[in-house]
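Colleague: I am new to this model and would like to understand the words used for it. Could we take them one at a time, setting each value against its cut-off?

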Amino acid sequence: LLAAAGLSLSLSSPLSRAVALFAAQCEKRRAATVDLRALFEGLGPALQGYLDDHATVPEAFAKLRLFAAPDEVRTCAATVLAYLDNVVKAATAEKAEAPSVQQRYWKVSKQNDAFVARVARHPGGLELMRAVGFCEPAKRRGAAEPSAAAKGKKTKTAAARRKDKGGAGKPADVRGDDMSHLVLEGSVDAGGRFVARLPAAVVALSRERRQAVQDELDAVAGVPSVAAAVRELRAQSADRAVRGGLETALALVGNALRAPGDLRTHRVKKGNPKFSTSLGRLPGAGELMLALGFELSRDGALYVLNVNGDPGEGSGSGTGDEAVKNFKFPALDAIGEQFLLRRKADLEAVLAELDAKLEEHDLRAGAGAERARQDRADAL
């Protein structure tokens, strides 16, 4: 069930344990089938918790693009790709590496200076690592703190740990209460120890996730940034006005995704009252529309969506009437759909960050008003 859903394959994860418990309950009832209601009641909370803690690769990239410069986004993504490459290459090499060697690639220290500089310091960096399967180890039931004697005991040297060149030896333990490392899902058994060999399903999933990161990285190259356009909007307009404009932009992208065959979702009249009063009137609106794939016609009357996934060429050229007449792509192709899905994720990330700032501002304003009222009451 977990593999089919593309979710965690770690036997020690809370979601895996919930599935195992649910399966045991079904066997105890000798139920041949399970209805949706029972499935949601049994797995709903665990599944919701997993989804809350695990952003997708596009969602993590959206957060990265919002807060980090393009060069920093590329460096972060390249580092994550390197971790995945190490996992896959070590597991699929013709001459298999010893388990102790492979296991080095299944664990990443969150305190490593290079990791912090390239990944962890950026909002969205740790989310990207979790999206590709590197997560904090699930805390095991009954995991006890090490005793004072154990803490004082000398540990093996690195040379001693590498002594098992033939691959024999006891699998390394992954402490369930150690939150200083990220561990590859599927590399740990139910007892909290690294498996002797990475399951083929985990290797395949790592390949898929690597491709997802590469796709996002390719999409960043040479494409106008939504985050940069929004920063320009916020530099010249109040946040609440910008938020209204972003809601309109999100609606335009959503409409194109929901009804790709409707030509009306591929064009926006600059004079449209709803558009002009919410987004069009803001300085920098044109840059945001271009970042979303909407090009301005020659006469400046229309924004036309370039559904070929290559903003900056062709589909919006000519006058407003010519742009509509010559429009050749009444539906989204696969490239255009992926482009808009990424822009939708970018807009949602920007809106979430903006809402948090506005809420914080309102709380401070409310607290300030309450203090002023109290000061007036004290003065009386």
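Predicted model: local features only at pLDDT ≥ 70, side-chain atom pairs only at ≥ 80, totals over all residues.

Modeller: Let us begin with glutamate 59, which counts as partly exposed because its relative accessibility is 43%, and that value falls between the 20% under which a residue is buried and the 50% over which a residue is exposed.

Colleague: What makes H13 parallel, perpendicular or oblique to H14?

Modeller: The axes of H13 and H14 come within 8 Å and cross at roughly 130 degrees. Roughly perpendicular covers 65 to 115 degrees and roughly antiparallel begins over 145, so an angle of roughly 130 degrees makes H13 oblique to H14. Where the two helices meet, Ala241, Gly244, Gly245, Thr248, Ala249 and Leu252 come from H13, while Phe275, Ser278 and Leu279 come from H14.

Colleague: How do you know that the side chains of glutamate 136 and arginine 130 are joined by a polar contact?

Modeller: The distance for glutamate 136 and arginine 130 is 2.8 Å, and a pair of N or O atoms has to lie within 3.5 Å, so the pair meets the distance cut-off for a polar contact. A second polar contact, of 3.1 Å, joins the side chain of glutamate 136 to that of lysine 110. Glutamate 136 itself lies in the loop between strand E2 (134–135) and helix H9 (148–152), and beyond its neighbours within four places in sequence it is in contact with Lys110, Arg130, Met179, His181 and Leu182.

Colleague: Which residues have the most contacts inside the largest nonpolar core?

Modeller: That core has 37 residues, and Leu246, Leu288 and Leu347 are those with the most contacts inside it. Among the elements that give two or more residues to this core are helix H4 (57–67), helix H13 (239–258), helix H15 (285–291) and strand E6 (302–305), while H17 gives the most, with nine residues. Another core, of 36 residues, lies apart from it and includes Val87, Trp106, Leu126 and Leu128. As for leucine 347, its contacts beyond four places in sequence are with Val226, Leu246, Ala249, Leu250, Val253, Leu288 and Leu292.

Colleague: What is the predictor's confidence over the chain, and where does pLDDT stay under 50?

Modeller: The mean pLDDT of the chain is 77, and 71% of its residues reach 70 or more. The value stays under 50 over residues 139–170, for which the model has 23 contacts beyond four places in sequence, and also over residues 3–12, for which the model has 32 such contacts.

Colleague: How many helices and strands are there in the chain?

Modeller: The chain has 17 helices and six strands. Of the contacts with a separation of 6 or more, 70% are accounted for by residues 24 or more positions apart.

Notes: Residues numbered from 1 in each chain as written. Heavy atoms only, no water. Helix = DSSP H or I, 4+ residues; strand = E, 2+ residues; numbered from the N terminus. Polar contact = N/O pair within 3.5 Å; in protein donor to acceptor, adjacent residues only side chain to side chain. Contact = heavy atoms within 4.5 Å. pLDDT = per-residue confidence, 0-100. Core = buried A, V, L, I, M, F, W, Y, C linked by side-chain atoms within 4.5 Å. Buried < 20%, exposed > 50% of the residue type's maximum accessible area, 1.4 Å probe, protein only. Axes fitted to C-alpha atoms, helices over the stretch in contact; angles between N-to-C directions. Parallel < 35°, antiparallel > 145°, perpendicular 65-115°, else oblique.
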